[in-house]
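Please look through the sequence and the 3D structure below before reading on. The briefing that follows takes up a few topics in turn.

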Amino acid sequence: MTTYKQILLEYNAGAGFSAPFFYPQTEDVQGCKEVIKIAIVNFTAQDIATAAHLTMLTWSEEMAVQDEGLQRVLYEAMVRYYFRSEEFSFKVVDEAGCMQGFLLAAPLTARDSSQGWLRQRLEAEALSLEAQDLVYNYLRYLSYNGQQVRKLSQPGDLVLYLFLSRQPGVGSRLLENVEQVAKQKNIACLHLWADATCDYDYYRRRGYKEAGHFANKVLPELGEQQTWVYSKDVM
């Protein structure tokens with residue numbers, strides 16, 4: 001028998017409201033439902049370390065990197081590279097304050113400001129030249145994807161850069177939240193890219209339509225990555 005854990009999602013995107021949703025949970029001994037309050041709040045620079053750790057746990061198998069120090073640098077570099085706007089970036093936290101997901105988004109015109117941090121971090125970690133090259137090449141891989149998105153976008157559009165959910169239902173709420181904020185800011189269109197490791201149908205079910213397709217060959221460690229750009233009009 002399947003019971004359900006109820007999550008009361010409380011967030012404020014200009015006109016705050018609460019919305020319950022459910023996901024399957026194994027029945028506990030008493031057969032009771034557990035209620036957990038979860039909130040969506042803005043992602044800040046203080047959240048980068050936690051988000052980087054979650055990113056590493058989620059995608060560490062994507063690249064065959066055995067050095068844990070290199071992994072930490074690599075995935076924190078990814079989060080910092082994509083954290084370009086606090087206004088459009090959000091996280092989901094539970095009652096204990098634990099992050100259960102996040103979405104980093106920014107206007108198309110926002111630029112990366114992480115290079116100074118990266119240089120200092122690489123020096124502090126004393127990584128080999130080969131390891132440093134891997135980090136820079138990974139960022140070039142991400143940059144190439146971003147360039148393809150920009151070709152299909154308008155200056156006032158919003159780009160969804162990095163999206164992670166640890167619990168079923170959390171990702172949908174993050175998307176709904178950023179779409180609502182975009183509407184309030186008179187942003188007409190949202191864009192994102194997804195490669196072969198992503199669930200394309202997830203975005204299609206939520207109204208995102210394929211806008212472009214390309215192959216990214218920048219990073220040999222990943223091989224040729226077939227990649228798609230998805231867009232959604234919200235105005």
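Ring pairs join Phe163, Tyr200, Tyr202, Tyr203, Tyr208, Trp228 and Tyr230 into a cluster, where rings of Phe, Tyr and Trp (its six-membered ring) count as a pair if their centres lie within 6.5 Å. This is a predicted model, in which local features need pLDDT of at least 70 and side-chain atom pairs count only at pLDDT 80 or more, while totals for chains, interfaces and linings use all residues. Residues are numbered from 1 along each chain as its sequence is written, and side-chain values use heavy atoms, with hydrogens and water left out.

**The chain as a whole**

- The secondary structure of the protein chain comes to six helices and nine strands, which are DSSP runs numbered from the N terminus (helices are H or I with at least four residues, strands are E with at least two).
- Of the 235 residues of the protein chain, 50% count as buried, a term that stands for under 20% relative accessible area, with exposed meaning over 50% and partly exposed in between (1.4 Å probe, protein chains only).
- Among the contacts in the protein chain with a separation of 6 or more, 72% come from residues 24 or more positions apart, and a contact means heavy atoms within 4.5 Å.

**Aromatic rings and charges**

- The structure holds 14 aromatic pairs, and in one of them the rings of Tyr203 and Tyr208 have centres 6.2 Å apart and planes at 80 degrees, so the pair is edge-to-face; planes under 30 degrees apart count as stacked, over 60 as edge-to-face and the rest as tilted.
- Both tyrosines are covered, since Tyr203 is buried with a relative accessible area of 11% and Tyr208 is buried with a relative accessible area of 2%.
- Arg206 lies over the face of Tyr202, at 3.8 Å from the ring centre, and the charged end of Arg84 sits over the ring of Tyr161, 4.8 Å from its centre; such a placement requires NZ of Lys or CZ of Arg within 6 Å of the ring centre and within 35 degrees of the ring normal.

**Helix α2**

- Helix α2, residues 68-82, has 15 residues and reaches 21 Å from its first C-alpha to its last, close to the 21 Å expected at 1.5 Å a residue, where the expected span is 1.5 Å times one less than the number of residues.
- Twelve of the 15 residues of α2 are buried, including Leu70, Val73, Leu74 and Met78, and what covers the buried residues of α2 includes α1, β5, α3, α4, β6 and β7.
- Asp67 caps the N-terminal end of α2, with a side-chain oxygen 2.8 Å from the backbone nitrogen of Gly69.

**Strand β9 and its partners**

- Seven of the nine residues of strand β9, residues 225-233, are buried, so β9 is largely enclosed by the rest of the structure.
- β9 pairs in the antiparallel sense with β7 over seven bridges, and β8 and β9 likewise pair in the antiparallel sense over seven bridges; two strands pair if DSSP finds at least two bridges between them.
- Within β9, Asp233 is the bridge partner of Cys189, and Gln225 is the bridge partner of Asn216.

**Positive phi in loops**

- Most residues other than glycine have a negative phi.
- Ala126, in the loop between α3 and α4, has a positive phi near 50 degrees and is exposed, with a relative accessible area of 64%.
- Asn186, in the loop between α5 and β7, has a positive phi near 60 degrees and counts as exposed at 61% relative accessibility.

Key: A polar contact is a pair of N or O atoms within 3.5 Å; within protein, one must be able to donate a hydrogen and the other to accept it, and residues adjacent in sequence count only if both atoms are side-chain atoms.
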